[in-house]
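Please look through the model shown here before reading on. My notes on it are set out as numbered points.

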Amino acid sequence: MTAPQEITHASRQYEDFASDLKQQAMLQTHNQVYAMTRAVLHETRDHLSLEQAIGICQGLPAVPRAIFVEGWNAAVPAKSLASKAEFSASVVKRLTPHHIPPETIVDDVVSCIEKHADPAAFRQGVAWLAGPLATIWHA
């Protein structure tokens, strides 16, 4: 049985994304790519209301969208966020001690997601963001 076109496209799109992020962030493995992408997406999600999370989720490519919702408990209230530095520190904390991300990991993940997302859907998704998250996601 062959895979539906959407699955084939999503797989290729993620492979392109992973290769780009691996090169841009100078990572060694796809495991690092996944872990760092997951950390940035889950940290983002934890600072969003349900409406904002659904809004940005619609702007993500298929596999990052699945990573974004993995293990999500929408009933947990959004955490406050004071700055991009606080966000970056929380991403690093999520990864420690298994991975040591480059200092640019948040910008690397966001720029690679933006590069591989549908431009209109991505702009519409990040339009839901405010405060430091809007700055992080270039809204």
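1. Basis. This is a predicted model, in which local features need pLDDT of at least 70 and side-chain atom pairs count only at pLDDT 80 or more, while totals for chains, interfaces and linings use all residues. Residues are numbered from 1 along each chain as its sequence is written, and side-chain values use heavy atoms, with hydrogens and water left out.

2. Helix 5. Helices here are DSSP runs (H or I, at least four residues), numbered from the N terminus. Helix 5 covers residues 84-95, twelve residues, and its first and last C-alpha atoms are 17 Å apart. That is close to the expected 16 Å (1.5 Å times one less than the number of residues).

3. F87, V91 and L95 are its buried residues (buried is under 20% relative accessible area, exposed over 50%, partly exposed in between, with a 1.4 Å probe and protein chains only). They are on the same side of helix 5 because they cover an arc of only 75° around the axis, taken from the directions from the helix axis to the C-beta atoms. An α-helix has 3.6 residues a turn, so residues three or four places apart point the same way. A85 and K93, on the other side of helix 5, are exposed. The buried residues pack against helix 2 (30-45), helix 6 (105-116) and helix 8 (131-136), contact being heavy atoms within 4.5 Å.

4. Helix 2 and helix 6. Their axes are 10 Å apart and meet at an angle of about 90°; axes are lines fitted to C-alpha atoms over the stretch in contact, and angles run from 0 to 180 degrees between N-to-C directions. Helix 2 is therefore roughly perpendicular to helix 6 (65 to 115 degrees). From helix 2, M36, T37, V40 and L41 meet I105, V106, V109, V110 and I113 of helix 6.

5. H116. This residue lies in helix 6 and is buried, at 14% relative accessible area. Leaving aside residues up to four places away in sequence, H116 touches Q13, D16, F17, D20 and P61. P61 is 55 residues from H116 along the chain, yet their C-alpha atoms are separated by 6.9 Å.

6. Backbone details. The peptide bond joining T96 and P97 is cis, with omega about 5°; P97 is in the loop between helix 5 and helix 6. M26, in the loop between helix 1 (5-24) and helix 2, has a positive phi of about 55° although it is not a glycine. M26 counts as exposed, at 69% relative accessibility.

How values were computed
Helices (H or I, at least four residues) and strands (E, at least two) are DSSP runs, numbered from the N terminus. Angles under 35 degrees count as roughly parallel, over 145 as roughly antiparallel, 65 to 115 as roughly perpendicular and the rest as oblique.
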